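Subject: Structure for you to look at

Hello,

Here is the structure I said I would pass on. Please open it first, then read the notes below it.

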Amino acid sequence: MSALDTNKKAFISHRRSSLVAAIFLMATSAIGPGFITQTTVFTATMGAAFAFGILASIVIDFVVQQNIWRVVTLTRMRAADVANAALPGSGYLLAVLVLFGGLIFNIGNIAGAGLGMNAMFGLNPKIGGLISALFAMWIFSSRRASTVIDRLMIILGLLMILLVVGVMFITQPPVGDALYQTVLPDHINFATITTIVGGTVGGYICYAGAHRLLDKGLSGPEHIDAVSSAANKGILVVGIMRYVLFLAILGVVASGVTIDLSGQAANPASQAFYYALGDIGVRLFGFIFWAAALTSVIGAAYTSVSFITVFKKHLTDRQRNIATLIFITLSLAVYLLLGTAPAALLVFAGGFNGLVLPVGLTLFVYVGWKRPDLMAGYRYPRWLLWSGLAVCLLTWYMGALSVGTIFSFLEIV
């Protein structure tokens, strides 16, 4: 085999592993403890009608991820730098919003890790959150942090999917009713859609995979087809996982079980798994929830800190790792001091980031429409431009209708 063939094979292998890592970083960030808790709460209150919210989140996710992954890859710039190039100063606003939203998310993620360890081992959620945060910090302190993160995301992501699929078959949900209400729901609640969208694609999440691709060196028009395909695969994985989790919870709710949504110690998702599988269900749930939380802590910290570069260029890997450790430490400290119930934090985090989403999406849609010069003259697909504009207007509209309800989520449990 010639040196040229060897280099080509190495390049293809590197690109494939980088794309898989980006897919799972995006997917595991999107399927975090916030999404699991939000899905349980809204399925308990809305029943099969929440299926429409799941469908809406998948459609919005597709349009958002395709636009953001495409623009970031083509411009070879991080999201905040793209925003600054398109509209001077806007990148700083986007960075502040994403960092603050990421902090809220990460406080909720650590809370979720605490709830997971509580379900697995009976530990106090605060202690479980502390142990999990220290474990995440240890990962970032490793000399092989990048490789460890990639592999951990893939392994835990696959385990989460397999376990939830198993629970879905056990609970035997009313699939026919769910499919019917996916397109013709009994009622529509914009606050729940905004929250579930925020919990799966809002805030830092929509930039996670794209920024990972930049760090792996996959940028420019020559990679756009592979990037677009990877985004589609990631969205497909997340979409299937969302619907399967919804069906698993719906099976419990449809059986007549009432899930307690009140009280500081309420853990709605844990109750659903308990009613489905008994004590072993609680242990399995604990692992799923902990794995979802840990991967989300890593994803939130990694992506949020990547926005700091707009304020300080040319950060070294060591400086970024230090900033990431500080970010996790701050999230942990706030969680330990905060009195808000963990489940409430997880629901509110999704809602807040759902409000942040249209700000960044507006800037990226503007780049797609008006700034081909930033994308090496790339001819942007017209269908993606129009769908991006439609979703942008929709997210602004839903956010305006939902803002009051979203802040009230802090009081629901």
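The model is predicted. I began with the second largest pocket, whose lining holds 3 nonpolar, 2 polar and 5 charged residues. The residues that line this pocket are R76, M77, R78, D81, L214, T309, K313, H314, L315 and R320. Its volume is about 170 Å³.

Next, the salt bridges. Side chains of opposite charge can pair when their charged atoms come close. The whole structure contains 3 salt bridges.

One of them joins D61 to R242, with 2.5 Å between the closest N and O atoms. This pair connects distant parts of the chain, since D61 sits in helix α3 (residues 50–75) and R242 in helix α11 (residues 224–254), 181 residues apart. Are these two residues buried or exposed? D61 has a relative accessible area of 0%, so it counts as buried. R242 is also at 0% and is buried.

Another salt bridge is formed by R76, which also lines the pocket above, and E222. Their closest N and O atoms are 3.6 Å apart. R76 is partly exposed, at 46% relative accessibility. E222 has a relative accessible area of 51% and is exposed, because the cut-off for exposed is over 50%.

There is also a salt bridge between D373 and R371, where the closest N and O atoms are 2.8 Å apart. R371 has a relative accessible area of 19%; buried means under 20%, so R371 counts as buried.

Regards

Terms used
Residues are numbered from 1 along each chain as its sequence is written. This is a predicted model: local features need pLDDT of at least 70, side-chain atom pairs count only at pLDDT 80 or more; totals for chains, interfaces and linings use all residues. Side-chain values use heavy atoms; hydrogens and water are left out. On a 1 Å grid over the protein atoms alone, a cavity is a set of points where a 1.4 Å probe fits but cannot get out, and a pocket is an open set with protein on both sides within 12 Å along at least five of seven lines; lining residues have an atom within 4 Å of a point. Grid points are joined across faces, edges and corners, and a volume is the space filled by probe spheres set on the points. Ala, Val, Leu, Ile, Met, Phe, Trp, Tyr, Cys and Pro count as nonpolar, Asp, Glu, Lys and Arg as charged, and the others, Gly among them, as polar. A salt bridge is a side-chain nitrogen of Lys or Arg within 4 Å of a carboxyl oxygen of Asp or Glu. Helices (H or I, at least four residues) and strands (E, at least two) are DSSP runs, numbered from the N terminus. Buried means under 20% relative accessible area, exposed over 50%, partly exposed in between (1.4 Å probe, protein chains only).
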